[in-house]
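Here is a short briefing on a two-chain model. Keep the structure open while you read.

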Amino acid sequence: MLKELWNDAEGGFHPASAPDFLPQTALREVQLRRLRAVVARAYANVQLFRERMDERGLTPESIQSLQDIRHLPFTVKTDLRDTYPFGLFASPMSDVVRLHASSGTTGKPIVVAYTREDVEVWSEVMARTFASCGLHRGDILQNAFGYGLFTGGLGAHYGGEALGATVIPISGGNTDRQIMLIRDFNVSALCCTPSYFTHMVERARELDIDLRELPLRVGIFGAEPWTDGMRHHIEAEAGIKAYDIYGLSEIIGPGVAAECSAQDGLHIFEDHFYPEIIDPETGEPLPDGEEGELVLTTLSKKAMPMIRYRTRDITSLITESCSCGRTIRRMRRIGRRSDDMFIIRGVNVFPSQVEAALMAVEGTLPHYQIILTRKGGMDRMAVEVEVTPEVFSDSIRGLEDIRARLAQSIERILGIRVELRLVEPHTIARSEGKAKRVIDRRHEG
Amino acid sequence: MKLQQLSLFLENRPGRLEAPLSAIAAEGINILTLSLADTAQFGILRLIVRDWERAKRVLEQAGWVVNLTEVVAVDVLDRPGGLAEALRILEDSDLNIEYMYAFSLRRGDKAILIFRFEDPDRAIQVLTDKGLHVVDGEELMSFVP
């Protein structure tokens, strides 16, 4: 019976998506009820939250309205490290059915936990994510997010199954096999990081396989910031619609927010994840529409509630209604993370600025890497850019010209001198997960 | 009359030249001649091979960026002043040479030069009119033992 209601290729509607269309007043009621419950749960079960609330003279009863959330203390990434491994759990281990952990580039990873209910909520928000990106029962979904401790693989897997799609759990890596299965299994949708898909597109071209001629029609990309230029490149090269999704392990994994057919901002599944935008310097909430750091509160998490978690992601909330009909609010695509930023000679630089500069010259985003070094107390920034067929001409002058234009484009945006090096294709390491754009060697040697 | 030349982008660092040459050698493709143009940071390897279509495919599948350029081969007398004479004709005809290099093999008293012209078709016309011999692909192969 339920299956009859599932969305299908004729444009039906998946029942899991119902909360996306809640009237505003009903949505706010759900949020307040859940907020009070999660604060009470965190206060009762997690020492860190209790101590911080006590310090401020707060109790769960202090939360009378959604606006009262601003009185609650923030949670930051180091809190997860400091309480490693299980210090922020609000459920006994006997109720925890799953653990995931972040890759964590330095020191200890961070650990996150799920009860059975949490896994159900996660499956639901991922099903809503896929439905929002136009997937339905009957779609063949190749899941190239990494399976394992990383939340991407299993999160997308459960969501795809909940939606009723056919999930291929291929995980990341082995690009030639990825391309073979896309072709042989009539894959209609694929999810992975945008940088890995760019690599697949490039590899397919080398293998003389035209992705545009295959049934693949939707790409669902997340786990790292990417630009609209990259989207246009991917869409044109692979003949697909490319959607941005957003999530982070600390909150649940993928499934926090997703684009819809309008491709104009990501709908936050705010019946489960309450968003705020704050000034990253002062911590003060900012009015709707202003750009700042995204702060999220998990409204229904059981095993590991997060109260006002600072994501370090910079965005703004869109309050205008969306053409797709969803009533849940949207956020702008994340162009930059406050911790991706690096400072060189006193200038704040985001990799996305370098991307925009490269794209302005080449039209598409080449593979690139930023390398920071220090020589004689002076910081230097080099950008390595792989030569593409589009820019390679059989003339030294042509190459010198493109090199100079790329360097000037970056220098114009950043206002600092960069050394631009053209490098051979495939010399910059490809990532099967998140791309590593910045190599900082300033503190070596 | 025009020849297809493959150009590859290379970084200017030790060992970079060997990789593409090995890749085509492994496929049994013979290189008729090659030239290198370089700056401090990068270079362009230009190749004339027997089977350019297959060589291009092999190199691209191995991940190289390959550019296809039309060049013209001209034979000149292999004696002092032989090249100067040919160049004078080109100069008088206002033909722009982007670059040139010598073919590695010679036949009898003839040496072969490879030219990249701005306008290869007009160059062939002018050269032929002036009595110079433009060597086509098939004839070029006959130079190779």
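In chain B, 30% of the 145 residues count as buried (20 or more other C-beta atoms within 10 Å of a residue's own; exposed means 12 or fewer, partly exposed lies in between, and C-beta atoms are placed from the backbone). This is a predicted model: local features need pLDDT of at least 70, side-chain atom pairs count only at pLDDT 80 or more, and totals for chains, interfaces and linings use all residues. Residues are numbered from 1 along each chain as its sequence is written, while chains are lettered from A and ligands numbered from 1 in the order in which they are written.

**Chain B overall**

- Chain B has 5 helices and 7 strands (DSSP runs numbered from the N terminus: helices are H or I with at least four residues, strands are E with at least two).
- From the N terminus on, the order of elements in chain B is β-α-β-β-α-β-α-β-β-α-β-α.
- Along the principal axes, the C-alpha atoms of chain B fill a box of roughly 45 × 35 × 25 Å.
- Take the contacts in chain B between residues at least 6 apart in sequence: 68% of them join residues at least 24 apart (contact means C-beta atoms, placed from the backbone, within 7 Å).

**Domains of chain B**

- The domain assignment gives chain B domain 1 (3-69) and domain 2 (71-141) (bounds come from an automatic or database assignment).
- The C-alpha centres of these two domains of chain B are separated by 23 Å.
- In chain B, 9 residues of domain 1 are in contact with 11 residues of domain 2.
- On the domain 1 side, β1 (3-11) and β2 (31-38) of chain B each supply at least two residues.
- β2(B) gives the largest share of that side, 4 residues.
- That side of domain 1 of chain B divides into 4 nonpolar, 4 polar and 1 charged (nonpolar: Ala, Val, Leu, Ile, Met, Phe, Trp, Tyr, Cys and Pro; charged: Asp, Glu, Lys and Arg; polar: the others, Gly among them).

**Domains of chain A**

- Chain A is assigned domain 1 (1-339) and domain 2 (342-440).
- The C-alpha centres of these domains of chain A lie 30 Å apart.
- In chain A, 17 residues of domain 1 are in contact with 13 residues of domain 2.
- α8 (194-206) and α9 (228-238) of chain A are the elements that give two or more residues to the domain 1 side.
- By class, that side of domain 1 of chain A has 5 nonpolar, 10 polar and 2 charged residues.

- A:Ile234 lies in helix α9 of chain A.
- A:Ile234 is buried because 24 other C-beta atoms lie within 10 Å.
- Beyond its neighbours within four places in sequence, A:Ile234 is in contact with residues including A:Pro194, A:Phe197 and A:Val201.
- A:Ile234 and A:Pro194 are 40 residues apart in sequence, yet 8.5 Å apart in space, C-alpha to C-alpha.

**The nine-strand sheet of chain A**

- In chain A, 9 strands form an open sheet with mixed pairing, in the order β4-β3-β5-β6-β7-β8-β9-β14-β13 (strands pair if DSSP finds at least two bridges between them).
- β4 (166-168) and β13 (317-318) of chain A are the edge strands, each pairing on one side only.
- β13(A) and β14 (330-331) of chain A run antiparallel, joined by 2 bridges.
- A:Leu317 has A:Met331 as its bridge partner in β14(A).
- Helix α5 (116-132) of chain A lies across β6 (218-221), β7 (241-248), β8 (253-259) and β9 (266-268) of chain A, at about 30° to β8(A) (angles run from 0 to 180 degrees between N-to-C directions; axes are lines fitted to C-alpha atoms, for helices over the stretch in contact).

**The four-strand sheet of chain A**

- Another open sheet of chain A has 4 strands in the order β20-β19-β18-β21, with mixed pairing.
- β20 and β21 (438-440) of chain A stand at the edges with a single partner strand each, so one side of each has no neighbour in the sheet.
- The twist averages 20° from one strand to the next.
- β18 (368-375) and β19 (378-386) of chain A run antiparallel, joined by 8 bridges.
- Within this pair, A:Arg380 in β19(A) is the bridge partner of A:Thr373.
- Helix α10 (351-362) of chain A packs on the sheet, touching β18, β19 and β21 of chain A, and its direction makes about 120° with that of β18(A).
- α11(A) lies across β19 and β20 of chain A, at about 135° to β20(A).

**Where the chains meet**

- The contact takes 17 residues from chain A and 17 residues from chain B.
- On the chain A side, α11 (396-414) and β20 (419-423) of chain A are the elements that give two or more residues.
- That side of chain A has 8 nonpolar, 4 polar and 5 charged residues.

Definitions and conventions: Two residues are in contact if their C-beta atoms, placed from the backbone, lie within 7 Å.
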